[in-house]
Amino acid sequence: MAVGKEILTKIRSVQNTQKITKAMQMVSTSKMRKTQERMRLARPYAEKVRQVMGHLAQTNEYHGIQLLEERKEVKRAGFILITTDKGLCGGLNANVLKRFFAQVQDYQERGIAVDVVCFGSKGLAACQRIGLNVIASVSNLGDTPKMEILLGALTEIFGRYEDQSLDVIHLVFSCFVNTMKQEPRSEVLLPIGSGVLDADDGQKYHWDYRYEPNPTVVLEYLLRRYLESVVYQAVSDNMASEQAARMVAMKAATDNAGNAIKELRLVYNKSRQAAITTELSEIVAGAAAV
């Protein structure tokens, strides 16, 4: 019965693991609803700011605002990489990092240096592993994204773009599509071009805004709010994607644990039946000998 005891130990171990994965699935399900609601509440503001910026880009041309200037040659690129702080969420981080490293490799092959701002410990660890230049990072974001936590790192990378230390900034994150699908996405955050601001299907405007105190000050302020809202929306999307991916991964782990328990019980019952049959055979053989 030594084999039977070993199988029972394995069954208890798998059952304990199954309890943990089941609890994590329930927690992720609860958090996912909250993150989805937060993400939906953040989207209207980000989309409206994007629409206003698209309007301004079509109706006005201003010079001297560094955030609006497009560089003729890219000598140094910046990335804002958004990942999770915790694991156990399937291939979510792996897919984002694959997309990120492909772009980094493309720049490096062209001799263009790369600076990175990391939101989330998984991305930070991956960048440090391969020796990328991380200029700022924020970890332990929690379950609720807070703009005051993100502002320091964002100010650093936007400042480098304004003083022309960086020529382009990419935003890489996981976009929440639905509970079963999260897509790694990369978009150009700076320079603010037509590809980013075309949010109105090519609609043309025939009026202009009146600015107080002056157009440059107002536009610079709006540009900052626009960039911050886009990054905040990306962080919210990534958090919703994290909880959805973790819920699916933990459900799969719970189901797999259940299947493993069934198989181990079957092996245990076969082993037990074989032991009983052996004992009966020995008893019958002993009786026949007497």
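Entry 1, the model. I am working from a predicted model, where local features need pLDDT of at least 70, side-chain atom pairs count only at pLDDT 80 or more, and totals for chains, interfaces and linings use all residues. Residues are numbered from 1 along each chain as its sequence is written, and side-chain values use heavy atoms, with hydrogens and water left out.

I took a salt bridge as a side-chain nitrogen of Lys or Arg within 4 Å of a carboxyl oxygen of Asp or Glu. The structure has nine of them. I looked up R160 and E156, whose closest N and O atoms are 2.9 Å apart. Both sit in helix 4 (residues 147-162), four residues apart; helices are DSSP runs of H or I, at least four residues, numbered from the N terminus. In E242 and R246 the closest N and O atoms are 3.0 Å apart, and both residues lie in helix 6, about one turn of the helix from each other. R246 is buried at 7% relative accessible area, where buried means under 20%, exposed over 50% and partly exposed in between (1.4 Å probe, protein chains only). E242 is buried too, at 11%.

I found D237 in helix 6, buried at 3% relative accessibility. Its side chain makes a polar contact of 2.6 Å with that of Q233 (N or O atoms within 3.5 Å; within protein, one able to donate a hydrogen and the other to accept it, and residues adjacent in sequence counting only if both atoms are side-chain atoms).

Note on methods: Helices (H or I, at least four residues) and strands (E, at least two) are DSSP runs, numbered from the N terminus.
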